[in-house]
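A careful reading, with the terms given as they come up, is what is wanted.

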Amino acid sequence: MVHKYEIKEITSTKDPDYLPAIKIYIDVTPADVRTDTNEIAKAIDDPLAENGRKMFFFSLHYQRKIVGFAQFAFLPKMKIIFMDYMAIADEYKKNSIFYPFFSMLMLYFNDTGLDYSYFITEIGAQNNDKYVDHDSAFLRKVLAMENFSIIDSPYFQPCLGNNKIESNIDAHLYLKTSAPLNKLSKELFLKLLREILYEHYDSWYKIMLSNSEYKEYHQYIVNEYERIESAITLNDKIELIDCVSSECKYYNPLCAAPHISNVNTAGYAPQIKSKASKFPFVLLAILTTFCVSILFYKFISYLKIPVNSFSTIYAATISLAVGFTAYLFNHKN
């Protein structure tokens with residue numbers, strides 16, 4: 001059995017993959033963490049911002065069927081790849097689906113020559129981790145095995161626009177680096193935080209909002225940065241929590257996803273049956289019938305037998321052959 005995985009970059013809203021992929025994004029992404037699709041459409045058609053931030057959008061294909069949507073930002077000042085979304089249809093939320101796609105995306109960024117030092121994403125932790133939505137729990141599980149660590153510092157997902165107060169939720173930043181780390185200095189963390197809030201969120205809404213709306217949003221981002229900065233303790237170092245190893249030692253509420261019984265990422269994805277095209281078989285059947293008819297005609301002509309003597313039998317034989325061929329096709333399908 002052959003398993004076919006593909007990622008395709010979406011560079012235009014006219015791309016035939018755009019609508020099926022964005023529909024999956026809408027279906028599986030909770031409303032409180034979902035960016036307006038009109039904004040995504042605008043970013044797809046114009047992915048490069050003034051500050052050098054570059055957006056990337058992908059459709060995810062399994063067995064030639066679109067099963068997901070991914071959105072990333074490259075923030076050049078701190079060389080961060082920021083994963084905004086990796087939305088996979090619910091029936092395909094499996095380890096065996098996520099990891100091939102994630103590896104292919106990493107290869108894509110390497111092949112395009114992106115010089116990045118940090119890979120970061122944010123995952124919702126609504127109500128101080130007491131409620132974790134299905135999509136967030138799935139990402140917590142699978143990213144733990146990709147050497148992502150939780151930055152053990154207060155963090156709040158910024159509002160996704162001026163009028164979406166409900167999107168300002170508790171969240172965690174997940175970090176992956178090429179060299180293993182177990183702590184961050186406060187200075188480095190604040191640089192990463194500033195890059196995410198100002199160079200990604202603030203830059204995004206500078207394009208999406210009117211000038212007056214943007215001034216209001218910019219001040220909001222300033223306040224959010226100061227809010228998180230003031231919540232950090234005087235400790236110089238910020239811990240990075242490795243969820244995989246910590247599960248072997250003690251229960252950590254930040255790594256709650258492995259304990260959520262109704263989120264199962266094991267098993268196999270549903271198989272997609274591909275139908276072979278009937279056209280070659282139909283064409284072959286027509287050509288074969290035609291050739292046999294010519295040979296039969298030549299044969300009875302050679303024997304000097306009147307053609308009309310066999311017309312009834314010949315017509316019945318052809319009808320039987322056509323009926324048998326139709327039966328075979330229907331039985332196969």
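**Helix packing and the places around it**

In helix H2, Glu-39, Ile-40, Lys-42 and Ala-43 meet Trp-204, Tyr-205, Ile-207 and Met-208 of helix H5, where contact means heavy atoms within 4.5 Å, and where helices (H or I, at least four residues) and strands (E, at least two) are DSSP runs numbered from the N terminus. By class, this contact of H2 with H5 has six nonpolar, no polar and two charged residues, given that Ala, Val, Leu, Ile, Met, Phe, Trp, Tyr, Cys and Pro count as nonpolar, Asp, Glu, Lys and Arg as charged, and the others, Gly among them, as polar. The model is a predicted one, in which local features need pLDDT of at least 70 and side-chain atom pairs count only at pLDDT 80 or more, while totals for chains, interfaces and linings use all residues. Residues are numbered from 1 along each chain as its sequence is written, and side-chain values use heavy atoms, with hydrogens and water left out.

Two packed helices are described by the angle between their axes and the distance between the axes. The axes of H2 (residues 37–45) and H5 come within 11 Å and cross at roughly 95°, the axes being lines fitted to C-alpha atoms, for helices over the stretch in contact, with angles that run from 0 to 180 degrees between N-to-C directions. H2 and H5 are therefore roughly perpendicular to each other, since angles of 65 to 115 degrees carry that name, while those under 35 count as roughly parallel, those over 145 as roughly antiparallel and the rest as oblique.

A further pair is formed by helix H3 (residues 95–111) and helix H4 (residues 134–144), which pack at an angle of about 65° with their axes 11 Å apart. H3 passes H4 in a right-handed crossing; a crossing is left-handed if the near helix is turned anticlockwise from the far one by less than a right angle, and right-handed if clockwise. On the H3 side the contact is made by Asn-95, Phe-98, Tyr-99 and Phe-102, and on the H4 side by Phe-138, Leu-139, Lys-141, Val-142 and Leu-143. These residues divide into seven nonpolar, one polar and one charged.

How much of H4 is covered? Ten of its eleven residues are buried, so that H4 is mostly covered, where buried means under 20% relative accessible area, exposed over 50% and partly exposed in between (1.4 Å probe, protein chains only). Among the buried residues of H4 are the charged Asp-135, Arg-140 and Lys-141.

Helix H6 (residues 211–231) has 21 residues and reaches 30 Å from its first C-alpha to its last, close to the 30 Å expected at 1.5 Å a residue, the expected span being 1.5 Å times one less than the number of residues. Its buried residues are Tyr-214, Tyr-217, Tyr-220, Ile-221, Val-222, Glu-224, Tyr-225 and Ile-228, and the buried residues of H6 pack against H5 (186–208).

Turning to the strands, Ala-87 lies in strand E4 (residues 80–88) and counts as buried at 1% relative accessibility. Leaving aside its neighbours within four places in sequence, Ala-87 is in contact with Ile-24, Tyr-25, Val-28, Thr-29, Val-67, Gly-68 and Phe-69. Ser-149, found in strand E6 (residues 149–151), is buried as well, with a relative accessible area of 10%. With neighbours within four places again left aside, Ser-149 is in contact with Leu-173, Tyr-174, Leu-175, Leu-240, Ile-241 and Asp-242.

The loop between strand E2 (54–62) and strand E3 (65–75) holds Gln-63, a residue that has a positive phi of about 50° although it is not a glycine. Arg-64 has its place in the loop between E2 and E3 too, and its phi is near 70°, a positive value in a residue other than glycine. Are these two buried or exposed? Gln-63 counts as buried at 17% relative accessibility, whereas Arg-64, at 66%, counts as exposed.

For the chain overall, the secondary structure comes to nine helices and nine strands, and of the 333 residues 44% count as buried. Residues 24 or more positions apart account for 72% of the contacts in the chain with a separation of 6 or more.
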